[in-house]
Amino acid sequence: MSQQCVLIVGGRIENVRKAKEQGLGVVYLQQPSQFTPEHAALVDAALLVDYTDWSVTEPLVAAAHRAYGFTSVVTTTEAGVEPAGRISDLLGLGGVSHEVARLLRDKLSMRRHLAVAAPSVSVAAEEVTDRESLAAFGAAHGYPFIVKPVDGIGSLGLQLVESADQIGRAWETITRLRGSDHQFARFFPIERFLMEEYVSGPELSVEAFTFAGRHVVVAVTEKLTYDNFVELGHVVPARIGPADEAAVVACVTAFLDAVGVVSGPSHTEVRLSEHGPRVIESHNRPGGDRIRDLVEEAYGFDIERYTVAWPGGGLPALEERPAPLRAAATRFLAAEPGTVTAVEGLEAARAMDGVVDVDLSVAEGGLVRPLRSSFDRLGQVIAVAPDADAAVALCEKACATIRVGTTPTPAAAADSAG
């Protein structure tokens, strides 16, 4: 077994491949249903349990640490950040603590912390307790304002309350969503909601890596969204001016200091308001939606490889932000709700010069659901080009080449009505 060993919590198979490529031993902590023969061929040991259940995970990782002596614990998945923090605390591995991971996961706690530690990068926020609390927040902070689950992901359950006459509808939606059995309810139950001031302006995310308390911003990503806030695409580098970019970098650096991120990757979402950038939310993991792949295509920096291997000492710390090599973009695929009757144009899109990947998760006979969250998207196109405008245009061209035909079905109609 390798001299250095890492414990990887969840995540895609690329996590394990890249750790092994760096010469690391791997102990893998994963949900049993996600373990494959390829994992079995790569890892030195596997703990196959519901790793979000600390009563089970704690004794297992303590025993595995005695047996395999891993010196770091890492994760690239949202469900893994809190368990990884607990493991780091338990074994003194020096990573991001559970307290910090939980602060980032719990959006209300984050807002309350920032109100004291860094109010200039945040906005007012309160917990939804009843219908009257919605009306009181609107009266105190104005309209529109945002309502969203405290532990939500993928824009699920996010609402924009634009006026006092929408309070009743917002409360009805909260009541309906509480305890709902969505795709990832096991890990991210929808129970508590918060209200926060709405921030207008371009949506961005900042992909950073922290080396022993020193934050290096690798990329600023521009977000493209639907009217319901579900993300329809991303482009790196973001199409903003140098002054705005400098303000965004300063904002996120102050934020990471304020919440106590001391090592590893972070993905921080901001809006560039007329009063300056404001943090929307953040995660101590690489960005989802394959933003990590866009960053590698545009900057040559593999944030996923650094996540799993840098703590083991096999990679050099970045001394400064890498220079962009080109632009990279992604655009998500969508179709009318219903049963899929045809899929056309996939190979033509894949053959386009500059298209890096086309990923489609449905086939003929599959079901397309109404687009209510990121999990309802059908797939994505990734493309590269000399500049951001050209990368976005190429993604749009590739998406237009792909046709997913559907026919309405009772299941899709029920989803639409719900």
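R271 is buried, with a relative accessible area of 9%; buried means under 20% relative accessible area, exposed means over 50%, and partly exposed lies in between (1.4 Å probe, protein chains only). This residue belongs to a predicted model, in which local features need pLDDT of at least 70, side-chain atom pairs count only at pLDDT 80 or more, and totals for chains, interfaces and linings use all residues. Residues are numbered from 1 along each chain as its sequence is written, and side-chain values use heavy atoms, with hydrogens and water left out. Helices (H or I, at least four residues) and strands (E, at least two) are DSSP runs, numbered from the N terminus.

**Salt bridges**

- The structure contains 33 salt bridges, each defined as a side-chain nitrogen of Lys or Arg within 4 Å of a carboxyl oxygen of Asp or Glu.
- Side chains of opposite charge can pair when their charged atoms come close.
- R271 forms a salt bridge with E203, and their closest N and O atoms are 2.6 Å apart. This pair links distant parts of the chain, since R271 lies in strand 12 (residues 264-273) and E203 in strand 9 (residues 203-211), 68 residues apart. E203 also counts as buried, at 16% relative accessibility.
- R305 and E21 meet through their side chains in a salt bridge (2.8 Å, N to O). R305 lies in helix 11 (residues 303-309) and E21 in helix 1 (residues 13-21), so the pair ties together parts that are 284 residues apart in sequence. R305 is buried, with a relative accessible area of 19%, whereas E21 is exposed, with a relative accessible area of 53%.
- R192 and D106 form a salt bridge in which the closest N and O atoms are 2.7 Å apart. R192 lies in the loop between helix 8 (167-177) and strand 8 (193-197), and D106 in the loop between helix 5 (98-105) and helix 6 (107-117), so the pair ties together parts that are 86 residues apart in sequence. R192 counts as partly exposed at 30% relative accessibility, while D106 counts as buried at 6%.

**Packing of helix 8**

- The buried residues of helix 8 are I167, G168, A170, T173, I174 and L177.
- These buried residues pack against helix 7 (131-141), strand 6 (145-149), strand 7 (159-161) and strand 8; contact here means heavy atoms within 4.5 Å.

- Two strands pair if DSSP finds at least two bridges between them.
- Strand 9, which holds E203, pairs with strand 10 in the antiparallel sense over 8 bridges. Within this pairing, V206 stands opposite V220 in strand 10.
- Strand 9 and strand 10 form a hairpin with 2 residues between them, and A212 in the turn has a positive phi of about 50 degrees.
- Strand 10 (residues 214-225) is mostly covered, as 10 of its 12 residues are buried.
- Strand 10 is also joined to strand 11 (residues 231-236) by 4 bridges, and these two strands run antiparallel. T225 stands opposite E231 in strand 11.

**Strand 15 and its partners**

- Strand 15 (residues 338-344) is joined to strand 17 (residues 367-368) by 2 bridges, with the two strands running antiparallel. The bridge partner of G338 in strand 17 is V368.
- Strand 15 is likewise joined to strand 19 (residues 403-407), by 5 bridges and in an antiparallel arrangement. E344 stands opposite R403 in strand 19.
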